[in-house]
Amino acid sequence: MELRVLRYFLAVAQEESISAAADYLHLTQPTLSRQLKDLEDELGRPLFLRGSRKVELTEEGRLLRKRAREILELTDKAQAEVREGTQAVTGEIYIGAGETHVMGLVARAVRALREQGHRIRFRLYSGNAEDVTERLDQGLLDFGILIEPVDLKKYDSLRLPGTDLWGVLMPKDHPLAQETVIRPHQLRQEPLLVSHQRLHQGQLLQWLGCDAADLDIAATFNLIYNAARMVEERVGLALTLDRLVSTGEDSLLCFRPLEPRMEVGLDIVWKKYQTLSKAAQLFLQQLQADFSAI
């Protein structure tokens with residue numbers, strides 16, 4: 001299976017048309033069709049359902065699309081790292097992170113390296129801990145920023161300064177907005193929006209003092225932006241971390257911390273026994289220097 005043919009396959013999957021993909025790739029349609037047929041013969045499975053107007057992926061085609069993207073992304077990353085070895089400190093660093101205001105500390109390290117003249121490009125991937133660790137394990141990320149609690153057995157890690165604070169995001173005219181803190185009993189009858197991952201980790205349920213079945217879970221989410229729009233539309237109140245959503249004068253929303261107070265730490269992690277690129281090593285050194293100063 002050649003990388004070139006995988007790129008052809010992804011182009012057809014994106015365009016949903018062999019002729020459109022051929023134009024995009026600057027190939028003739030018969031040449032592209034033959035390459036795709038050879039790929040299907042090699043795998044022993046049909047990858048496309050060919051209709052009169054467009055082509056659609058089969059179940060096997062959808063699986064290959066996912067893996068092909070990962071293969072090509074990892075290949076591009078490896079090529080950038082090899083090229084870096086023959087130059088000054090350049091290259092690319094892939095960082096995955098959940099939503100946290102502590103990302104500002106990482107941004108300062110990025111800015112410091114750029115001000116020092118290093119030509120490093122940073123590629124950011126946003127997702128929850130499950131998404132980030134999956135990509136770390138696949139080698140698609142150099143670093144991940146994870147919100148505790150997190151299992152660090154597979155990773156080397158550096159604890160980030162500062163913590164994130166759990167609380168409730170709600171409309172400013174909600175009755176609970178008059179409170180300075182929110183206690184467990186005040187949420188047990190409210191419709192709630194909760195992080196899917198955090199709900200099943202048990203930390204929030206322990207704070208609430210009840211089982212998930214006893215709560216009115218209106219929706220779950222993995223990132224807060226879209227959930228905040230649902231809070232604005234009064235679907236429910238969102239249990240989330242502080243400083244992720246604007247709650248200023250122009251906002252319809254406000255944030256109230258939990259009581260008893262619940263804070264979480266954060267870690268930047270990377271795979272154990274991984275050989276870091278020069279750019280990644282320099283980035284890690286900058287982070288360590290910044291954190292020591294703090």
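Biologist: With neighbours within four places in sequence left aside, which residues is Leu-239 in contact with?

Modeller: This is a predicted model, in which local features need pLDDT of at least 70, side-chain atom pairs count only at pLDDT 80 or more, and totals for chains, interfaces and linings use all residues. Residues are numbered from 1 along each chain as its sequence is written, and side-chain values use heavy atoms, with hydrogens and water left out. Contact means heavy atoms within 4.5 Å. Beyond its sequence neighbours within four places, Leu-239 is in contact with Trp-166, Gly-167, Val-168, Leu-187, Leu-192, Leu-193, Val-194, Leu-204, Leu-208, Phe-221 and Leu-258.

Biologist: Which members of the largest nonpolar core touch the most other members?

Modeller: A nonpolar core is a set of buried Ala, Val, Leu, Ile, Met, Phe, Trp, Tyr and Cys residues joined through side-chain atoms within 4.5 Å. Buried means under 20% relative accessible area, exposed over 50%, and partly exposed in between, with a 1.4 Å probe and protein chains only. Of the 50 residues in the largest core, those touching the most other members are Phe-143, Leu-187, Leu-239 and Phe-283.

Biologist: Which helix gives the most to this core?

Modeller: Helices (H or I, at least four residues) and strands (E, at least two) are DSSP runs, numbered from the N terminus. With seven residues, the helix that gives the most to this core is α10 (residues 278-293).

Biologist: How many residues make up the other core that lies apart from it?

Modeller: Val-5, Val-12, Ala-21 and Ala-22 are among the members of this other core. The core lies apart from the largest one, and its membership comes to 21 residues.

Biologist: What share of the residues in the protein is buried?

Modeller: The protein has ten helices and 13 strands, and its C-alpha trace spans about 70 × 50 × 40 Å along the principal axes. Of its 294 residues, the buried share is 46%.

Biologist: Which residues lie closest to the centre of the largest cavity?

Modeller: On a 1 Å grid over the protein atoms alone, a cavity is a set of points where a 1.4 Å probe fits but cannot get out, and lining residues have an atom within 4 Å of a point. Grid points are joined across faces, edges and corners, and a volume is the space filled by probe spheres set on the points. By this rule there is one cavity of 30 Å³ or more, and the largest cavity has a volume of about 240 Å³. Among the 20 residues that line the largest cavity, the closest to its centre are Glu-99, Ile-147, Ser-195, Arg-198 and Asn-222.

Biologist: Which elements each supply at least two residues of the lining of the largest cavity?

Modeller: The lining has eleven nonpolar, seven polar and two charged residues; here Ala, Val, Leu, Ile, Met, Phe, Trp, Tyr, Cys and Pro count as nonpolar, Asp, Glu, Lys and Arg as charged, and the others, Gly among them, as polar. The elements that each supply at least two lining residues are β5 (143-147), α7 (196-201) and β10 (237-241).

Biologist: Is Glu-70 buried or exposed?

Modeller: Glu-70 is found in helix α4 (residues 59-84). Apart from neighbours within four places in sequence, Glu-70 is in contact with Gln-138 and Leu-140. Because its relative accessible area is 16%, Glu-70 is buried.

Biologist: How many disulfides are counted?

Modeller: A disulfide is a covalent bond between the sulfur atoms of two cysteines, and it is counted here as a pair of cysteine sulfur atoms within 2.5 Å. Cys-210 is buried at 14% relative accessibility, and Cys-254 is buried at 6%. By this rule the number of disulfides is zero.

Biologist: Is His-26 buried or exposed?

Modeller: His-26 lies in the loop between α2 and α3 (29-43), and its phi is near 60°, a positive value in a residue other than glycine. Because its relative accessibility is 72%, His-26 counts as exposed.

Methods:
On a 1 Å grid over the protein atoms alone, a cavity is a set of points where a 1.4 Å probe fits but cannot get out, and a pocket is an open set with protein on both sides within 12 Å along at least five of seven lines; lining residues have an atom within 4 Å of a point.
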